[in-house]
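Trainee: I'm new to this one. Could you walk me through it, piece by piece?

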Amino acid sequence: IINNYVDTTQGGARDKASPSGLHFRDSKRKVDYVLAYHYRRRLARHAPGAASPERTRGSASVALVSNGGTGKGHAEPQQQDDGQCALWEWPGLPGLEAVELSPLDALEEEKRLQREEYERNLLEAGLEIEKDPENKSQGLSFVRIHAPWQVLSREAEFLKIKMPTKKMYEITEEKGILKTLNEIWCKLTEPLQPQVPRQENTKMKNLSYPFSREKIYLYNIKDKDTFFDSATRSRIVREILKRTSTKARNSMGIGTLIANNVYDAAYPLHDGEYEGQNDDMNERKLLYQEWARYGVFYKFQPIDLIRKYFGEKIGLYFAWLGLYTGFLIPSSVVGIIVFLYGCITIESDIPSKEMCDQRNAFTMCPLCDKFCDYWNLSSACATARASHLFDNPATVFFSIFMALWATMFLEQWKRLQMRLSYFWDLTGLEEEEEHPRPEYETKLLQKKLKNKNITTENSNEFCHACYFVCVFCLQNEKEKLTCSDRMPGYAANVGLILFMIMLTFSAVFGVIVYRITTAAALSFSTNETTRSNVRVTVTATAVILNLVVILILDEIYGAVAKWLTEIEIPKTEKTFEERLILKAFLLKFVNSYAPIFYVAFFKGRFVGRPGRYVYVFEGYRMEECAPGGCLMELCIQLSIIMLGKQLIQNNLFEIGIPKLKKLLRKLKDGRTEQKEMDTNHSKDPQQWDLDYILEPFTGLTPEYMEM
C-alpha cells in the first residue's frame, strides 16, 4: 500500500489490538474516525516454481500502519492496445504473471486504487492511518484515523472553533424573589434530576475565543490529548474527509466515495458499550442509564452531557424537544377538561336535542339524484351528539388558550436557546465567519479555473494538488458565486416546487372524486345496511387512502427538497439547513394539511341547492357535509392521519426499519465471517465492528419536520 509499510514483526497484530477498542494498537493514539469497506481479492496465476505471496509472508498476520514512507509494491495497470480488459502486474512480487481481469475484478481494482489514492491524500493532509490486513479472499476491512495535535490545531483555527481561554469571569446570579423561587424549584425537582457529573463552580465561566495557533498561550491547555473533546475531534476529521478528493470524476470527498461504494461507511466511535456486565463507566453508558431508557422517562434531561457527547446541534434539538414535551402537559390537561365538559353537557345541547327528537319529523332531500330516497333528520342524531364533544362553548376558550400557549412556548424557547448559546459559546459566530461548504468551494474553483480557460484535466490536477492553497486564495480574493451562477438552480427550484404543490392538490382532488363516485356507487346498492352506512364507509376509506398518499409523498418531498437545496449551492452549512428546512416544511405542510384544510373550510360550501346542485362530472353531485356539520369528519380525518403517521412513519420507519437493517447487516457480515474463519482474528469484536452494525445518522431535519 502506498505511503504505508507492511509490519510483519508483530505476530498476531489483530490480537494486539487496543484493549478498549478506541485506540491504535500502540494504545496511545485515539481513533477519531473509522472508514469501512468490503474487499474482494482476485486469485492471480503464478509462474511455475514461484512461491505464493502468502507463503513468502510467513504465518504472521500483517498490519498496515502509516509512517509517511513510500511503498513500491502496488499494482500498475498495463492497458492493451485492442481495448480489451486491463492487465495488471506486480513489480514488487516476483513470479506473478499478468492476469486478464474480468469486469467484476476490474471494478474492484478501480475501487482499490481510489481507496489508496484517498488514503494517501489523507496522509498528506496530516492524518495518521491504521488498516486491517486483507488476508482473506473477501471480507470487511476498517481504516482507523487519528488526528494529531498539529492537524487538530490547524483545522480548529481554519474552522474558527471557539475554545476556552485562561480568562475567567463571574456569572451574575438572579437576586431577590426570583432567586428564592429558583431555590425552591431546585429542591422540589431534586428527585427528578439525572445522576450525572455536574460542573463544580457554576459561578465562574471561561471566556471562549476562536482558536488561534499564534495565540496558543491564551488557551487553557492542560493536556493536548484532551483539550479537544471527542465531538470536536470527530467534527474536525469529518471536515477533512469531506474536503479530501480523488482524481475520479465528480469526486467531492467521502460522501461521493460512499455513494460510489468505494467505502461502505464513515463514522466516529462510541465510547464503549452501554449494556452488558462490564463495570467500566463511560459517557455512553451514563447517558443510557440516566436518559435513554424508558425507566427514567420522568427525569430531566442531562442536556450538558448530551451536548458534550453528541455535539451542540443534537444538544439543542433535545433541549427544544424537552421544552416542547413539558409545554404539552398543560395543553393536554386543558384539552381533556374541554372534552369532559362536552361529555357532561351533551344532554343539554339544544341543536343535538332537536335533531334527535323523534317528534320533529324533518324530512330531508335525497343525497343523490336517482337511487336515493328522502330521509329523516333524526337519523343523523349520533353524528350531531358526537360533534358536540369537540364543538362546544368550551372550545372557544381552548382556542384562545392554545394561541397564548403557542406564543408562550416560542418566547420560552427563545430564552432557553439564548441561555444555552451563551453557556455553550455559540454566540458571536457570524455567517461570513463560518467556513464555506466543500461543494461551494468546488463550484467556486471550477468557475475560477473556467475563467482562466484551463482544461478539465489540468484543473483536476491543480485542484487536488493545491486544494487548501486555492481555498485560501479564494477567501482572500473575496470571490463568490453570483445570482447568474445560481440561476439554473433557482429556476429548477421554483418550477419543481410549484409542480409538487400542484401534485398535492391533484391528489386531494383525486380523493374527492373517489369519495363522490364511491358514495354514488354504494347508494345504488340493494343492501339496506350498506346504503345506511354510506357516509361512514366513504369517510373512513377516503381518509386511509389519504394517509397512504401523504406517507408516500412525504418521502418523495423529503428527497426532492434535499436535491433542490443542493443544486442551489448554498455557501455555508447554516444556509444549507435553513433553505432545506424551508423547502421541506413548505412541501410537507401542503401535503399533510391540504386535505384537512379542504374539509375544514371548503367542503360543503359549493353544493348548491335543491333543484340547482353543483356537479363535478355529469351525474355526480358535489359532496356535502353531514347534517351536524363537517367537524366530526374533520376529527376523524385528523385522528387517522395523526395517529397513522405516528404509528407508521414515526414508529415503523424510525424504530422498526433501522432495527431490521441492523439485524440484516449483522447476519450478512456474520455469514461472511463464518465462510472464512481467520485463526488470527480476535474473537472479541472491537468497537469499530460493533458501531459498523448501527444505522447511519441521517441528520436532524427529519426529526424537526416530524415535530
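Predicted model: local features only at pLDDT ≥ 70, side-chain atom pairs only at ≥ 80, totals over all residues.

Trainee: Why is helix α3 described as largely enclosed by the rest of the structure?

Mentor: Helix α3 runs over residues 149–158. Buried here means under 20% relative accessible area. Helix α3 counts as largely enclosed because the number of its ten residues that are buried is seven.

Trainee: And just after α3, which residue takes a positive phi?

Mentor: Look right past the end of the helix. The phi there is about 55°, and the residue just after α3 that takes it is Lys-160.

Trainee: Zooming out, what share of the protein chain is buried?

Mentor: The chain has 23 helices and 17 strands, and its accessible surface comes to about 41300 Å², with 59% of that belonging to carbon and sulfur atoms. Of its 707 residues, the buried share is 39%.

Trainee: Among contacts with a separation of 6 or more, how many percent come from residues 24 or more positions apart?

Mentor: Take the contacts in the protein chain with a separation of 6 or more. The part that residues 24 or more positions apart account for is 75%.

Trainee: At roughly what angle do the axes of α8 and α9 cross?

Mentor: Helix α8 covers residues 283–290 and helix α9 residues 303–310, with axes that come within 11 Å. On the α8 side the contact is made by Glu-283, Arg-284, Leu-286 and Leu-287, and on the α9 side by Leu-305, Ile-306, Lys-308, Tyr-309 and Phe-310. Those residues split into six nonpolar, no polar and three charged. The crossing is left-handed, and its angle is roughly 145°.

Trainee: How many charged residues are in the contact of α10 with α12?

Mentor: The axes of α10 (residues 312–344) and α12 (residues 381–390) come within 7 Å. Phe-339, Gly-342 and Cys-343 of α10 meet His-388, Leu-389 and Phe-390 of α12. The contact divides into four nonpolar and two polar, and the charged count is none.

Trainee: How far apart are the end C-alpha atoms over residues 317–341?

Mentor: An unreviewed UniProt entry lists several stretches under "transmembrane region", including residues 317–341 and 536–560. Over residues 536–560 the model is 100% helix, with end C-alpha atoms 36 Å apart. Residues 317–341 are 100% helix and 0% strand, and the distance between their end C-alpha atoms is 36 Å.

Terms used. Residues numbered from 1 in each chain as written. Heavy atoms only, no water. Axes fitted to C-alpha atoms, helices over the stretch in contact; angles between N-to-C directions. Helix = DSSP H or I, 4+ residues; strand = E, 2+ residues; numbered from the N terminus. Left-handed = near helix turned anticlockwise from the far one by under 90°. Contact = heavy atoms within 4.5 Å. Nonpolar A, V, L, I, M, F, W, Y, C, P; charged D, E, K, R; others polar. UniProt positions renumbered as here; feature names shortened; annotations may be inferred. Buried < 20%, exposed > 50% of the residue type's maximum accessible area, 1.4 Å probe, protein only. Areas by Shrake-Rupley, 256 points an atom, 1.4 Å probe, with all protein chains shown as cover.
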